[in-house]
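Reader: Please walk me through this model by question and answer. Show the sequence and the structure before the discussion starts.

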Amino acid sequence: EGRALRTETVICNTDDFEIGRRVCAENWHALRAVGESANRRLCDAEAADAQPAPDVATFDRVTRPSTTDDGLYAAGLHFGDPRVMAVLAALTSFCHLIVGFRNHQLVERVRALLQASYTCRQATYDLRRLKRKGLIVKVPHSHRYQLTSHGRKIAVLFTKAFGRVLAPGLTALDLRLPEDVAARSKLATAWRQLERAIDGFMEREMIAA
């Protein structure tokens, strides 16, 4: 389409990365390494969002209970479950790419998305099953987690499919939708025509019988 996405990294405070403010070759190379790492991870995440969806077998492994290679039980992440969808939506945020996220940060984002109670204990359980499903990894020597490339694919697939396809599609198919509103949707119009055709066919067959 003749368009390109430009990515730039701006470091306002070098102390955030434990790098000195003095202008010298050592600090410059350290800042450049930080910037290149941040840009690479961001670009990898953006590229992952545009990749094809995982296959059916992968979808099945994520949504159904399973065991890890170590024999640990991993509870399924049920597609469409409000809590699961909120957790996955929270994970897709680009703000986690640089330093990862903690339990309490997940709690804050999920609670805002759910607009309901979500505790640290629930987050701990969700982090455990996300980790055992291979969607996140724990950052060594810290209490932070990072979303894996596989995890981003799953999170993006789930949230996009639910938010852009399933939810609006089911809304359009709701027969309680007013006719004037349904008329604006090709899907709703086609579905109502199908419903009327089936009802008419059944009525004619019953009369003929």
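**The core and what surrounds it**

Author: In the largest nonpolar core, which has 24 residues, those that touch the most other members are L88, L91, L106, L130 and I136. A nonpolar core here is a set of buried Ala, Val, Leu, Ile, Met, Phe, Trp, Tyr and Cys residues joined through side-chain atoms within 4.5 Å. This is a predicted model: local features need pLDDT of at least 70, side-chain atom pairs count only at pLDDT 80 or more, and totals for chains, interfaces and linings use all residues. Residues are numbered from 1 along each chain as its sequence is written, and side-chain values use heavy atoms, with hydrogens and water left out.

Reader: Which element gives the largest share of this core?

Author: Two or more residues each come from α3 (82-91), α4, α5, β4 and α6. Helices (H or I, at least four residues) and strands (E, at least two) are DSSP runs, numbered from the N terminus. The largest share, seven residues, is that of α3.

Reader: Which residues is L91 in contact with, leaving aside its neighbours within four places in sequence?

Author: L91 is one of the core residues that touch the most other members. Contact means heavy atoms within 4.5 Å. With those neighbours left aside, the contacts of L91 are H96, F101, L106, L130, I136, L147 and R152.

Reader: Why do the buried residues of α2 line one face of the helix?

Author: In α2 (residues 56-63), the buried residues are T58, V62 and T63; buried means under 20% relative accessible area, exposed over 50%, and partly exposed in between (1.4 Å probe, protein chains only). The arc is that of the directions from the helix axis to the C-beta atoms. The buried residues of α2 line one face because, seen down the axis, they fall within an arc of 125°.

Reader: Which exposed residues does the face of α2 turned away from its buried side carry?

Author: What covers the buried residues of α2 includes α6 (149-173). The face turned away from that buried side carries the exposed residues V56 and R61.

Reader: Is the pair of F79 and F162 stacked or edge-to-face?

Author: Rings of Phe, Tyr and Trp (its six-membered ring) pair if their centres lie within 6.5 Å; planes under 30 degrees apart count as stacked, over 60 as edge-to-face and the rest as tilted. By this rule there are five aromatic pairs. The ring centres of F79 and F162 are 6.2 Å apart and their planes are at 80°, so the pair is edge-to-face.

Reader: How many residues apart are F79 and F162?

Author: F79 and F162 belong to one aromatic cluster with F59 and F158. F79 is partly exposed, at a relative accessible area of 30%, and F162 is partly exposed at 28%. The pair links distant parts of the chain, F79 in the loop between β2 (73-74) and α3 and F162 in helix α6, 83 residues apart.

Reader: Is Q115 buried or exposed?

Author: Most residues other than glycine have a negative phi. The phi of Q115 is positive, near 55°, and Q115 sits in the loop between α4 (103-114) and α5 (120-132). At 74% relative accessibility, Q115 counts as exposed.

Reader: What is the relative accessibility of H141?

Author: H141 is in the loop between β3 (136-138) and β4 (145-147). Its phi is also positive, near 60°. H141 counts as exposed, with a relative accessibility of 88%.
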